[in-house]
Amino acid sequence: MRSVSLSRQVYGWVLPAFVLVVVCSLLPLPVSAEDGYSGGAPLGAPNWILERMDTSILPDYYLPPNTTSDQVRVPTYSSYISSGNKLLTSGSYAEAKSAFENAIQKKSESFDAWVGRGLALEGLNRSLTSIESYENAIKYAPDDGSSWVAHAGKGRVLLELNRYQDAADSLETAINEYTRSGSSNMDDLTSIYNHLAEAKNKLGLKDDAEAVKKKATSLKSGTGTVFGNKSSL
């Protein structure tokens with residue numbers, strides 16, 4: 001009888017403990033300071049993103065053999081990129097970040113995914129991790145001309161962090177890489193020049209800042225040349 005009573009006591013203790021462990025495992029993990037973020041101001045997706053959305057994305061879902069679309073749809077790398085881009089343009093940065101990270105899990109050296117993650121993190125005001133994403137994008141850029149958007153993003157974030165010389169270096173590199181890319185969108189290039197002018201001004205280089213600002217104004221008005229380089233800054 002005593003052993004039966006003891007067994008009941010043990011069972012009565014083990015079952016609640018087991019339930020507690022299961023419930024705790026379902027709760028979200030606490031967010032560390034490194035993972036914390038604020039809402040951030042709206043961040044418009046560059047025209048580079050919009051131009052690529054319809055031309056570089058493969059079918060949204062992969063259907064395994066012997067299944068139909070009613071049975072299962074498996075997200076692909078391309079569907080995650082497509083979803084991330086759309087979420088960026090709608091300002092849903094947390095969801096966009098998740099989509100791009102899913103794409104990275106499928107293709108770790110994806111330039112597009114790392115750039116998208118950087119833009120999403122920038123929108124969430126997570127400066128240090130966005131710089132890390134942009135640096136990975138630069139590393140995985142398919143060619144020198146493609147990396148301008150990552151250099152520009154890195155420069156913007158460095159400017160927000162008051163690292164003005166580093167920001168100016170990144171933004172000047174972005175302009176040079178833009179030249180190689182063959183792109184000719186005035187809005188994107190003008191934005192880079194405006195950020196560069198701000199960095200120069202913060203560094204106390206008033207004349208240089210004014211020259212860069214004039215360059216940005218001439219591009220926006222359509223009276224300047226499309227491409228820039230260090231010798232013309």
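Which helix does K97 lie in? K97 lies in helix 4, residues 93–106. Before I go on, a reminder: this is a predicted model.

Let's stay with K97. Is K97 buried or exposed? At 14% relative accessibility, K97 counts as buried, because the cut-off is under 20%. Look at what sits around K97. Leaving out residues up to four places away in sequence, K97 touches A120, L121, L124 and R126.

The crossing is left-handed.

Who makes that contact? By class, the contact of helix 4 with helix 5 has nine nonpolar, two polar and four charged residues.

Staying on helix 5, look at G118. G118 has 0% relative accessibility, so it counts as buried. Which residues does G118 touch? Setting aside residues up to four places away in sequence, they are S130, S133 and Y134. Take S133. G118 and S133 are 15 residues apart in sequence, yet their C-alpha atoms are 4.9 Å apart in space.

S130 is in helix 6, residues 127–140. S130 is buried too, with a relative accessible area of 0%. Beyond its neighbours within four places in sequence, S130 is in contact with G118, L121, E122 and V157.

Next, helix 7, residues 148–160. L159 is buried, with a relative accessible area of 5%. Which residues is L159 in contact with, leaving aside neighbours within four places in sequence? They are Y164, A167, H195, E198 and A199. Pick out A199. L159 and A199 are 40 residues apart in sequence, but 6.5 Å apart in space, C-alpha to C-alpha.

That takes us to the last pair, helix 8 and helix 9. Helix 8 is residues 164–181. Helix 9 is residues 186–202. They pack at an angle of about 155 degrees, with axes 9 Å apart. That angle makes helix 8 roughly antiparallel to helix 9. Helix 8 passes helix 9 in a left-handed crossing.

Helix 8 brings Y164, A167, A168, L171, E172, A174, I175 and Y178 to the contact. Helix 9 brings D188, L189, I192, Y193, H195, L196, A199, K200 and K202. By class, that is 12 nonpolar, one polar and four charged residues.

Which residues of helix 9 are buried? They are D188, L189, T190, I192, Y193, L196, A197, A199 and K200.

A quick check on the length of helix 9. At 1.5 Å a residue, its 17 residues should span 24 Å. The end C-alpha atoms are 24 Å apart, so the two agree. Just after helix 9 comes G204, with a positive phi of about 85 degrees.

Terms used: Residues numbered from 1 in each chain as written. Predicted model: local features only at pLDDT ≥ 70, side-chain atom pairs only at ≥ 80, totals over all residues. Heavy atoms only, no water. Helix = DSSP H or I, 4+ residues; strand = E, 2+ residues; numbered from the N terminus. Expected span 1.5 Å × (residues − 1). Buried < 20%, exposed > 50% of the residue type's maximum accessible area, 1.4 Å probe, protein only. Contact = heavy atoms within 4.5 Å. Axes fitted to C-alpha atoms, helices over the stretch in contact; angles between N-to-C directions. Parallel < 35°, antiparallel > 145°, perpendicular 65-115°, else oblique. Left-handed = near helix turned anticlockwise from the far one by under 90°. Nonpolar A, V, L, I, M, F, W, Y, C, P; charged D, E, K, R; others polar.
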